[in-house]
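Here are my notes on the model, point by point. Please read them with the structure open.

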Amino acid sequence: MFPIRDHNPSSSVPYVTYALIAVNIAVFLSYVGLFTNPRALNMFFYEWAILPARLMEGGGFETLVTSMFLHGGFMHIIGNMLFLWIFGDNLEDLMGHGRFLLFYLACGVGAGLVHVAMAPESTVPTVGASGAIAGVMGGYLLLFPKARIDILFIFIIFFRIFTIPAWVMLAVWFGMQFFGGLGADPQAGGVAYWAHAGGFVIGGILTIPVFLSNGGKDFWEQHRGHPPHPEAKYARSNVPRAGRRKRK
């Protein structure tokens with residue numbers, strides 16, 4: 001189950017969101033050839049990824065930024081860029097281009113620091129834009145809790161698109177990160193759950209000034225949690241279910 005689009009159009013061109021997606025893809029393509037050479041890839045990640053133990057020793061603070069533009073595979077970057085494309089434009093619309101860029105970077109750095117705090121002795125390289133994008137999602141939840149999100153649900157051979165409120169999808173996602181963090185060893189490799197959960201909370205907190213400047217609770221009450229403009233309309237899209245072939 002994952003989101004494919006929202007019904008919340010932006011009123012301006014999200015140049016920063018598009019630029020961030022382009023930069024992430026360009027950086028990924030610049031080292032994608034290393035995936036055939038695990039030793040060279042590990043050396044590259046050890047140079048530019050977050051290593052909590054190194055930061056605890058007082059070095060490698062630049063990796064809090066560089067790690068945000070590195071990804072561990074095609075599905076990793078595709079998933080992250082999809083989430084950024086869905087949720088980033090609306091925050092950029094309300095924050096403005098420059099402010100949104102600073103917000104994005106601050107969420108990513110904050111998420112990285114949360115990860116370091118939870119796994120201070122880890123020497124496993126941590127890469128990905130997930131912490132920064134989690135911050136974008138946290139801000140989106142505060143501003144547009146009832147914006148409609150289209151979710152593609154896949155279960156074996158069953159494919160169907162459902163439309164649900166943003167707060168449901170984002171609350172479920174945050175819950176998965178939080179409880180995933182409780183059940184995982186933060187010193188080991190795998191998903192950096194606490195970076196995701198931390199970025200989400202940081203994004204929500206950093207969005208409070210924008211929320212208040214737009215009226216705070218009045219902003220919610222005036223639009224009942226929906227976006228303050230007409231929602232995008234999409235043609236009904238039913239993904240057909242695969243059926244069994246009849247035998248003659």
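1. Helix 1 buries Val 16, Thr 17, Leu 20, Ile 21, Asn 24, Phe 28 and Tyr 31. These residues cover an arc of only 140° around the axis, so they sit on the same side of helix 1. The face turned away from that buried side carries exposed residues: Tyr 15, Leu 29 and Ser 30. Bear in mind that this is a predicted model.

2. What do the buried residues of helix 1 pack against? Their partners are helix 2 (38–48), helix 5 (74–95) and helix 6 (97–118).

3. The length of helix 1 checks out. Its 17 residues (15–31) should span 24 Å at 1.5 Å a residue, and the end C-alpha atoms are 25 Å apart, which agrees.

4. The largest nonpolar core has 45 residues. Which of them touch the most other members? Phe 87, Met 137 and Tyr 140 do. Helix 1, helix 2, helix 5, helix 6, helix 7 (130–143), strand 2, helix 8 (166–183) and helix 9 (193–213) each supply at least two residues of this core. As background, nonpolar side chains tend to be buried together in soluble globular proteins.

5. Tyr 140 deserves a look. Leaving aside neighbours within four places in sequence, its contacts include Phe 87, Asn 90 and Leu 91. Asp 6, Asn 8, Pro 145, Ala 147, Ile 149, Ala 166 and Leu 170 are also in contact with Tyr 140.

6. There are 17 aromatic pairs in the structure. In one of them, the ring centres of Phe 28 and Phe 35 are 5.8 Å apart and the planes stand at 50°, so the pair is tilted. Phe 28 is buried, at 3% relative accessible area. Phe 35 has 28% relative accessibility and counts as partly exposed.

7. Phe 178 and Trp 194 form an edge-to-face pair, 5.6 Å centre to centre with 90° between the planes. This pair links distant parts of the chain: Phe 178 lies in helix 8 and Trp 194 in helix 9, 16 residues apart. Phe 178 is partly exposed at 32% relative accessibility. Trp 194 is buried, with a relative accessible area of 16%.

8. Ring pairs also build a cluster. Its members are Phe 28, Tyr 31, Phe 35, Phe 44, Phe 45 and Phe 74.

9. How many salt bridges does the structure hold? The count is 1. The side chains of Arg 5 and Asp 150 meet at 2.6 Å, N to O. The pair joins distant parts of the chain, with Arg 5 in strand 1 (residues 2–6) and Asp 150 in strand 2 (residues 148–155), 145 residues apart. Asp 150 counts as buried because its relative accessibility is 2%.

Key: Residues are numbered from 1 along each chain as its sequence is written. This is a predicted model: local features need pLDDT of at least 70, side-chain atom pairs count only at pLDDT 80 or more; totals for chains, interfaces and linings use all residues. Side-chain values use heavy atoms; hydrogens and water are left out. A salt bridge is a side-chain nitrogen of Lys or Arg within 4 Å of a carboxyl oxygen of Asp or Glu. Helices (H or I, at least four residues) and strands (E, at least two) are DSSP runs, numbered from the N terminus. Buried means under 20% relative accessible area, exposed over 50%, partly exposed in between (1.4 Å probe, protein chains only). The expected span of a helix is 1.5 Å times one less than its number of residues. The arc is that of the directions from the helix axis to the C-beta atoms. Contact means heavy atoms within 4.5 Å. A nonpolar core is a set of buried Ala, Val, Leu, Ile, Met, Phe, Trp, Tyr and Cys residues joined through side-chain atoms within 4.5 Å. Rings of Phe, Tyr and Trp (its six-membered ring) pair if their centres lie within 6.5 Å; planes under 30 degrees apart count as stacked, over 60 as edge-to-face and the rest as tilted.
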